[in-house]
Amino acid sequence: NAGVTQTPKFRVLKTGQSMTLLCAQDMNHEYMYWYRQDPGMGLRLIHYSVGEGTTAKGEVPDGYNVSRLKKQNFLLGLESAAPSQTSVYFCASSSLAGLYNEQFFGPGTRLTVL
Amino acid sequence: AQSVSQHNHHVILSEAASLELGCNYSYGGTVNLFWYVQYPGQHLQLLLKYFSGDPLVKGIKGFEAEFIKSKFSFNLRKPSVQWSDTAEYFCAVIPSNDYKLSFGAGTTVTVRA
């Protein structure tokens, strides 16, 4: 099993450009999450999904959109990138919510917006 | 809103020293607790987790953590660190009826040979 994979690993954008980050998991997990990691702030939840076709806002959703058309994939989109979105983005998945929930993380995407 | 506090931003140790990282959370109900580690250039890996039962939890690489419910704490310990323990450590908490994992700001641990 590959677990959770993310593409691309690195990306540099200019302000105003758009891009999509892809997260894929092969563990048949229902729940998927997108986080951003910034120095001194830990990981903050951007959006999450509780199943195929569903999405919900997390702690810092502004400027991002997501889609979960297939159970194994969770896409994070930036329609008009801003320098404040320079960060490392992590995707995670879990089989359960609440009790006994353990999230498995992907390797991350390092995004720089100039 | 739930919050997770990690007391130390950066800890510098010598090899063989003991390590203790503090973590406190604000949620009053039943919670699940985790410590994740991120080695330089790598993604987050689970060190250990607490769901229920014995409040002293043993994880990988000689780490352990103690859940003290009355203090809302879940401190991480290792009796003798190695250079390879240099990493960033994150405490995370999730209420038993929620989807959202709340992370602390992280503690960078530097172990000097």
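Reader: Which residues are linked with K58(B) in a network of salt bridges?
Author: In this predicted model, K58(B) is linked with E64(B), E66(B) and R77(B) in a network of salt bridges. A salt bridge here is a side-chain nitrogen of Lys or Arg within 4 Å of a carboxyl oxygen of Asp or Glu.

Reader: Where do E64(B) and R77(B) sit in chain B?
Author: Their side chains meet at 3.4 Å, N to O. E64(B) is in strand 8 (residues 64-68) and R77(B) in strand 9 (residues 73-78), 13 residues apart. Strands are DSSP runs (E, at least two residues), numbered from the N terminus.

Reader: Is E64(B) buried or exposed?
Author: E64(B) is buried, at a relative accessible area of 18%, while R77(B) is partly exposed at 22%. Buried means under 20% relative accessible area, exposed over 50%, and partly exposed in between (1.4 Å probe, protein chains only).

Reader: What about D85(B): which residue does it form a salt bridge with?
Author: D85(B) pairs with K78(B), with the closest N and O atoms 2.9 Å apart. Both residues are buried.

Reader: How are residues and chains labelled, and which atoms count?
Author: Residues are numbered from 1 along each chain as its sequence is written, and chains are lettered from A and ligands numbered from 1 in the order in which they are written. Side-chain values use heavy atoms, without hydrogens and water, and local features need pLDDT of at least 70, side-chain atom pairs count only at pLDDT 80 or more, and totals for chains, interfaces and linings use all residues.

Definitions and conventions
Helices (H or I, at least four residues) and strands (E, at least two) are DSSP runs, numbered from the N terminus.
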